[in-house]
Amino acid sequence: MREKIKQVARNFSLRHYLFGVMITIILLVTVSLVTVTYLQTEEAVQELDLFLQSLTELNIRERIALINSGLALYDSGPDARIKGAFGTFLAAYNRSGGDISRIDYTAVQEQVSRNLSGRADLYVINGSGIILASTVPDVLYLNLSQNPDYQKRIPEIINGTGFVADRVVRSYSSASDPELTGIFRKFAFIPVPDHRYLLEIGVSDLSDDQARDNLSYSLISDQLDDLNPYLDEIRIFDIHRNLFVRDGVVPPGSLDPVTLSRLDEVIASRSDATFLRGPSLDGGPGRVRYLFINLSDPGSVSDMSVIAELTYSDSLREAILSRISVFYFLVAAGAVLM
């Protein structure tokens, strides 16, 4: 009887031992398969995220380049008429004997404006970039050299011999306002024969203003909402850190210090940059990409380059991976139970 009990005990222990080994093997195989599959899925999700990011950024660059090309066509339209109008301005300067205080700017303005499609304003600029005379009193003694573009080009133009046309750009509102948030004007320049001054004509109320409104950088964000589910927001800035919006621009003074600091870094390096996403309303993790899109043109005085800010959220990706991990856990548990 005692031998039979020992035999049963030995058989029982062996069956449990074999069962334990089988369970251990099943667990190891299941956990290994699920882990490898999950890591592969996670890698695929991340690759999809990066692919959508590169596709989005390529799309934005192409759209901005296309809009800039359209704007350049509109902006160059008045060049020939403005160049012809400089004859009146130069003749008035020559009659003054080089004394800019003797020029009848109102009379010259009326005559010049008749040959152009918009209102023409006149400016006389010295070699230091300071406006010494103008039909716009608010900008008298404005130092244009505070603008890096003008600081570089004014000495070149004033010592040259030819007509130089700028793009249609925002103007300074007054000599005390350092931000370029004024009305759109088409500027052009020509040096006087003795190279003491630079004559400038600025045309506002352009006939193509409405057509230019249809080529707005602020519309890009609306058009790309459905392109990338990981993209939360798109903002586009000019080289002077003005934010493009539907009805104009938001000046740098209204932006937060973090954004201004990042824009300064991108503009200084003239290259792309990536930053971790700061605290947001939804508290979600992510990253902020800044794309420097170089639109500078040697033939233009102003640098028309823009910076696109793209805010990506990782919340959707983490939610997808969370659902996948729960699914694989259930699969693994079912396999073990079976």
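Where does His195 lie? His195 is in the loop between β4 and β5.

The views below show a predicted model, in which local features need pLDDT of at least 70 and side-chain atom pairs count only at pLDDT 80 or more, while totals for chains, interfaces and linings use all residues. Residues are numbered from 1 along each chain as its sequence is written, and side-chain values use heavy atoms, with hydrogens and water left out.

**View 1. The whole chain.** The chain has 8 helices and 11 strands; these are DSSP runs numbered from the N terminus, helices being H or I of at least four residues and strands E of at least two. Of its 338 residues, 44% count as buried (buried means under 20% relative accessible area, exposed over 50%, partly exposed in between, with a 1.4 Å probe and protein chains only). Among contacts with a separation of 6 or more, 62% are between residues 24 or more positions apart (contact means heavy atoms within 4.5 Å).

View 2. The hairpin of β4 and β5 has 5 residues between the strands. His195 has a positive phi of about 60° although it is not a glycine. Most residues other than glycine have a negative phi. With a relative accessible area of 32%, His195 is partly exposed.

**View 3. The loop with Arg270.** Arg270 is found in the loop between α7 (257–269) and β9. This residue is not a glycine either, and has a positive phi of about 50°. Its relative accessible area is 37%, so Arg270 is partly exposed.

**View 4. Strand β4 and its partners.** Of the 8 residues of β4, 7 are buried, so the strand is largely enclosed by the rest of the structure. β3 and β4 run antiparallel and are joined by 5 bridges (two strands pair if DSSP finds at least two bridges between them). β4 and β5 also run antiparallel, with 6 bridges. Lys186 in β4 stands opposite Val168, and its bridge partner in β5 is Val203.

View 5. Tyr150 and Phe189 form an edge-to-face pair, 6.0 Å centre to centre with 65° between the planes. Tyr150 lies in helix α4 (residues 148–158) and Phe189 in strand β4 (residues 184–191), so the pair ties together parts that are 39 residues apart in sequence. Both Tyr150 and Phe189 are buried. Arg170 lies over the face of Phe184, at 4.2 Å from the ring centre (a charge sits over a ring if NZ of Lys or CZ of Arg is within 6 Å of the ring centre and within 35 degrees of the ring normal).

**View 6. The largest nonpolar core.** This core holds 36 residues, of which Ile64, Leu144, Phe189, Tyr217, Ile236, Ile293 and Ala308 touch the most other members (a nonpolar core is a set of buried Ala, Val, Leu, Ile, Met, Phe, Trp, Tyr and Cys residues joined through side-chain atoms within 4.5 Å). Elements that each supply at least two residues of this core include α1 (2–76), β3 (164–170), β6 (231–238) and β11 (306–313). Apart from it lies another core, of 25 residues, among them Ile82, Ile103, Leu122 and Tyr197.

**View 7. Asn68 in helix α1.** Asn68 is found in α1 and is buried, with a relative accessible area of 10%. Leaving aside neighbours within four places in sequence, Asn68 is in contact with Arg167, Tyr217, Leu295 and Met304.

**View 8. The buried side of helix α3.** In α3 (residues 105–114), the buried residues are Tyr105, Val108, Gln109, Val112 and Ser113. They cover an arc of only 130° around the axis, which puts them on the same side of α3 (the arc is that of the directions from the helix axis to the C-beta atoms). Their cover includes α2 (79–95), β1 (119–126), β2 (131–134) and β5 (197–204).

**View 9. Strand β10.** In β10, 8 of its 8 residues are buried. Gly286, Val288, Tyr290 and Phe292 point one way from β10, and Arg287, Arg289, Leu291 and Ile293 the other way. Strand β9 (residues 273–276) runs antiparallel to β10, with 4 bridges, and Leu276 stands opposite Arg287. β10 and β11 are joined by 8 bridges and run antiparallel; here Val288 stands opposite Thr311.

Key. Rings of Phe, Tyr and Trp (its six-membered ring) pair if their centres lie within 6.5 Å; planes under 30 degrees apart count as stacked, over 60 as edge-to-face and the rest as tilted.
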